[in-house]
Amino acid sequence: MQNIHAHRILILDFGSQYTQLIARRVREAGVYCEIHAYDIEEQAIFDFKPQGIILSGSPKSVNQSEINFRAPGCVFNLGVPVLGICYGMHTMALQLAGKVEASNVREFGYAQVRARGHSQLLRNIEDHVSKDGYGLLDVWMSHGDRVTELPPGFKVIASTDNAPMAGMADETRHFYGLQFHPEVTHTLQGARILQRFVHDICGCEALWTPANIIEDSIERIRAEVGDSEVLLALSGGVDSSVVAALLHHAIGEQLTCVFVDNGLLRLYEAEQVMATFTQHIGLRVRCVDADARFLTALKGVTDPEQKRKIIGNLFIDVFEEEATKLNPPGSPLPKEENPSLPKGGTNSSKVEFLAQGTIYPDVIESAGAKSGKAHLIKSHHNVGGLPEHMKLKLIEPLRELFKDEVRKIGIELGLPHEMVYRHPFPGPGLGVRILGEVKKNYADILRQADAIFLEELHKQGWYDMRAVETVDFMTARWAQLPYSLLETLSNRIINEVAGISRVTYDISGKPPATIEWE
């Protein structure tokens with residue numbers, strides 16, 4: 001099998017809120033990429049062996065930021081193409097002897113850019129044609145500085161009235177700078193521009209595809225697990241469901257799924273998960289009734305971070321207890337004769353691994369990115385909440401994937417559409433949808449309200465749109481559901497659920513808010 005990581009792009013992050021979008025666009029083009037902090041060690045860049053480098057935007061100004069807030073010098077000496085976006089363009093210009101100044105007119109939002117010259121990056125890419133025959137691009141701007149003097153060897157490839165040098169290129173060295181953001185969907189041709197860069201200019205092949213990722217993941221799982229057995233923390237959500245399917249393909253009977261009813265699930269969630277995975281998919285699933293245990297541990301706790309960590313720690317405790325049941329001390333009876341152990345596999349097999357559906361945004365939000373500089377937004381129960389005393393080794397096949405990549409893999413694996421595209425549910429469950437202390441009666445009330453909400457979405461044809469709109473879960477906006485739907489929801493919840501007298505709709509965006517209440 002060809003190495004799907006062989007053709008790769010390095011993204012250097014200067015702190016832009018759009019950096020994750022750059023990575024998603026590159027991967028959508030079928031090319032593997034990684035995000036690292038701008039101050040990565042030069043040796044690490046050499047070791048990564050990128051075929052191209054992208055410099056992200058930043059909330060900073062190159063004229064106000066520290067002198068070391070620059071791209072490593074080796075970036076421009078590696079002999080590989082470099083694309084600077086917004087701040088990335090500014091630091092490229094400054095580091096290569098150009099000039100950047102504060103603009104008299106800042107540009108934030110929609111703009112129309114005139115494509116000048118015939119650069120390899122923008123050639124024949126346009127949204128409109130002016131009356132004079134120039135190509136025009138509809139783009140998204142977000143800047144207060146602008147390049148006022150090109151570095152030696154560069155030419156202008158795009159301009160606006162406020163930014164006469166809105167794009168620059170040194171075609172000899174394959175260095176490009178764009179003032180606008182091609183990674184956001186508001187730049188209509190942004191995907192084509194990034195595809196042009198990674199494919200035509202960097203020479204990367206489209207190896208990062210769902211089919212290749214699946215094949216690579218299965219090989220890596222088999223190599224890592226060997227003859228050991230694996231416990232999977234199965235929630236029924238798309239992430240853990242895809243992990244279950246991957247592991248089932250890779251190791252078959254060596255997999256045991258554990259579904260924990262922690263008392264913080266949706267209405268009839270446990271019954272639905274067990275039916276789906278045992279009857280329709282054929283996985284071996286153990287259901288653990290632990291609602292009283294979780295609710296006792298959460299008694300009196302109001303801090304969201306503390307709740308997440310308690311839930312995460314308790315999840316691991318339950319899983320390790322289940323692993324002990326599969327590995328009882330004293331070399332027990334063979335599996336075929338011991339009712340506490342699943343059938344299949346060899347008698348010498350032992351549970352050594354805990355599998356989880358951790359995805360890339362979980363890691364980023366828990367400040368677990370390789371850069372170590374990600375601002376802590378919130379801990380995820382399966383990342384920031386893991387206890388130090390955990391005995392099982394972790395296996396996380398989706399750790400580097402975005403949610404949309406996970407869904408594509410799920411479809412490729414043959415999982416049903418309704419499972420892959422079901423509404424996401426937070427790992428800590430209703431625990432982070434209940435403000436303050438978690439109590440059983442609060443969870444019961446919320447369960448009923450949530451069930452009515454989902455029922456009406458299905459009934460009125462709105463299920464495919466959540467109450468938030470997001471692609472990557474790094475940013476999100478509220479969904480503009482019809483007033484008639486909201487009125488129906490409010491009336492039904494108030495009339496049918498005892499204890500609720502008011503229904504509100506949260507229209508906060510992320511950031512600064514989070515998708516869940518806490």
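Start by selecting helix 5 (residues 210–225) and helix 11 (residues 403–412): their axes come within 9 Å and cross at roughly 80 degrees. The axes are lines fitted to C-alpha atoms, for helices over the stretch in contact, and angles run from 0 to 180 degrees between N-to-C directions. Helices (H or I, at least four residues) and strands (E, at least two) are DSSP runs, numbered from the N terminus. Helix 5 and helix 11 are therefore roughly perpendicular to each other; angles of 65 to 115 degrees count as roughly perpendicular, under 35 as roughly parallel, over 145 as roughly antiparallel and the rest as oblique.

Now show the side chains where they meet. Pro210, Ala211, Ile213 and Ile214 of helix 5 make the contact with Lys408, Ile409 and Glu412 of helix 11, contact meaning heavy atoms within 4.5 Å. By class, this contact has five nonpolar, no polar and two charged residues. Here Ala, Val, Leu, Ile, Met, Phe, Trp, Tyr, Cys and Pro count as nonpolar, Asp, Glu, Lys and Arg as charged, and the others, Gly among them, as polar.

A word on what is on your screen: this is a predicted model, where local features need pLDDT of at least 70 and side-chain atom pairs count only at pLDDT 80 or more, while totals for chains, interfaces and linings use all residues. Residues are numbered from 1 along each chain as its sequence is written, and side-chain values use heavy atoms, with hydrogens and water left out.

**Stay on helix 5.** Colour Ile213, Ile214, Asp216, Ser217, Ile218, Ile221 and Val225, the buried residues of this helix. Buried means under 20% relative accessible area, exposed over 50%, and partly exposed in between (1.4 Å probe, protein chains only). Their cover includes strand 11, helix 6, strand 14, strand 15 (393–395) and helix 11. Just past the end of helix 5, Gly226 has a positive phi of about 60 degrees.

**Next, the largest nonpolar core.** Such a core is a set of buried Ala, Val, Leu, Ile, Met, Phe, Trp, Tyr and Cys residues joined through side-chain atoms within 4.5 Å. Which of its 41 residues touch the most other members? Select Val230, Leu232, Val242 and Leu247. Helix 6 gives the largest share of this core, nine residues. Centre on Leu232 and you will find that it touches, among others, Val243, Leu247, Cys257 and Ala355. A second, separate core has 38 residues, including Cys33, Val139, Ala158 and Leu178.

**Move to helix 4 (residues 190–201).** Its buried residues are Gly190, Ile193, Leu194, Arg196, Phe197, Val198 and Ile201. Among the elements covering them are helix 1 (19–28) and strand 7 (135–149). Just after helix 4, look for Gly203, with a positive phi of about 75 degrees.

Is Arg25 buried or exposed? Arg25, which sits in helix 1, is buried, with a relative accessible area of 11%. Leaving out residues up to four places away in sequence, Arg25 touches Glu183, Val184, Thr185 and Leu194.

Then go to Pro72, in the loop between strand 3 and strand 4. Pro72 is buried too, with a relative accessible area of 10%.

Finally, zoom out: the protein has 14 helices and 17 strands, and buried residues make up 54% of its 518 residues.
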